[in-house]
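Look at the sequence and the fold shown below.

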Amino acid sequence: MRLPWHRRATLEQALRGAIAADEMRLVFQPQVETATCAFTGAESLMRWNSREFGAISPEEFIPIAERCGMINALGSWAIEQSVKHLLEWDAAGVPPLILAINVSPVQFSTGDVHGQIQDVLRQSGLAASRLELEITETGIMRDMRDGADVLRRLHAVGVKIAIDDFGTGYSSLSRLRRLPVDRVKIDRSFIIDVPHSDSAVIMAKTIVSMAANLGLDVVAEGVETEDQAAFVRMVGCQFAQGFLYSHPARSDEFQRIVSSGHPLGRHRRDHASRAIEHFA
């Protein structure tokens, strides 16, 4: 998103004090297993509610943070706060979940992500397998050699690795095979038009097939309808997230959602099961 220089400069100045001013928040979007619709994890998402400017979209403030050198501070804050909330859910009796944390390509290449994760795991006592780092396909391809080394060190201690926005970059299967990746996330742009667009259906099936050939789990992002849920389940996506299951929610609201036990009512699950017959 290209912003007018004046707004960009104004937001940059405000962003520098956002953490200290307690303006940053995390919200969490549940992930479900497509076969059962049971909650399995969540994605941690950063939000900025400026006292001066109101709610600022991540599409605005993340690029600004990357350009002005704030992204490492924001990324470190997000990692620490994500683990803090995960421990709070555990203490409240929420079934153990895997929490996915987005890592900016700039943070990944210029910050000490490995050191930050090691520190927070040591201080919290959290099992490394409870965390999943998401980095975009184009982000890891920017610096394949060093990036792959960081991913290997994280993966070696048990942290899960996911490639976000899979299918939107320019990587090859041979390059992806060299990365210690556990799963890929299909970008919502490939889900939004299924099942009504033949080209979208073909693309989604192709991406799932590519991931399966690499032995990777697949998460479908942007699932908003029961027909989409039925489709991604039918083509082999093991996991899904989207508005059908829940909007991103603050920590306390997320805890209530997950504690409810099931994101879909019985009649909606029955509808989704019947809808699969349409794609078989």
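Leu-133 touches Ile-101, Val-103, Val-113, Ile-117, Leu-154, Val-159, Lys-160, Ile-161 and Ala-162, leaving out residues up to four places away in sequence. Contact here means heavy atoms within 4.5 Å. The model is predicted, and local features need pLDDT of at least 70, side-chain atom pairs count only at pLDDT 80 or more, while totals for chains, interfaces and linings use all residues. Residues are numbered from 1 along each chain as its sequence is written, and side-chain values use heavy atoms, with hydrogens and water left out.

Buried means under 20% relative accessible area, exposed means over 50%, and partly exposed is in between (1.4 Å probe, protein chains only).

## The chain as a whole

The secondary structure of the chain comes to 12 helices and 9 strands. Helices (H or I, at least four residues) and strands (E, at least two) are DSSP runs, numbered from the N terminus. The chain has 280 residues, and 50% of them count as buried. Among contacts between residues at least 6 apart in sequence, 69% join residues at least 24 apart.

## Aromatic rings

A pair of aromatic rings is described by the distance of the centres and the angle of the planes. Rings of Phe, Tyr and Trp (its six-membered ring) pair if their centres lie within 6.5 Å; planes under 30 degrees apart count as stacked, over 60 as edge-to-face and the rest as tilted. The structure holds 4 aromatic pairs. In one of them, the ring centres of Phe-28 and Trp-89 are 4.9 Å apart and the planes are at 80°, so this pair is edge-to-face. Phe-28 is in strand β1 (residues 24-33) and Trp-89 is in helix α3, 61 residues apart, and the pair links these distant parts of the chain. Both Phe-28 and Trp-89 are buried.

What kind of pair do the rings of Phe-28 and Phe-254 form? Their centres are 5.9 Å apart and their planes are at 50°, so the pair is tilted. Phe-254 lies in helix α11 (residues 251-259) and Phe-28 in strand β1, so the pair ties together parts that are 226 residues apart in sequence. Phe-28 counts as buried because its relative accessibility is 0%, and Phe-254 counts as buried because its relative accessibility is 0%. Ring pairs link Phe-28, Trp-89 and Phe-254 into a cluster.

## Strand β7 and its partners

Strand β7 (residues 183-186) is covered on both faces: Arg-183 and Lys-185 on one side, and Val-184 and Ile-186 on the other, are all buried. Strand β6 (residues 160-166) pairs with β7 in the parallel sense over 3 bridges. Two strands pair if DSSP finds at least two bridges between them. Phe-166 has Ile-186 in β7 as its bridge partner.

Strand β8 (residues 217-220) runs parallel to β7 and is joined to it by 4 bridges. Here the bridge partner of Lys-185 is Val-219 in β8. From β7 the chain crosses through helix α9 (residues 198-213) to β8, and this β-α-β crossover is right-handed. That term applies if, with the strands pointing away from the viewer, the path from the first strand over the helix to the second runs clockwise.

## Arg-183

Arg-183 lies in strand β7. At 8% relative accessibility, this residue counts as buried. Leaving out residues up to four places away in sequence, Arg-183 touches residues including Gln-31, Glu-132, Asp-217 and Phe-239. The charged end of Arg-183 sits over the ring of Phe-239, 4.9 Å from its centre. A charge sits over a ring if NZ of Lys or CZ of Arg is within 6 Å of the ring centre and within 35 degrees of the ring normal.

## Two further residues

Is Met-203 buried, partly exposed or exposed? Met-203 counts as partly exposed, because its relative accessibility is 37%. Met-203 lies in helix α9.

Ser-246 is in the loop between β9 (239-240) and α11. Ser-246 counts as buried, at 8% relative accessibility. Beyond its neighbours within four places in sequence, Ser-246 is in contact with Gln-29, Pro-30 and Ile-257.
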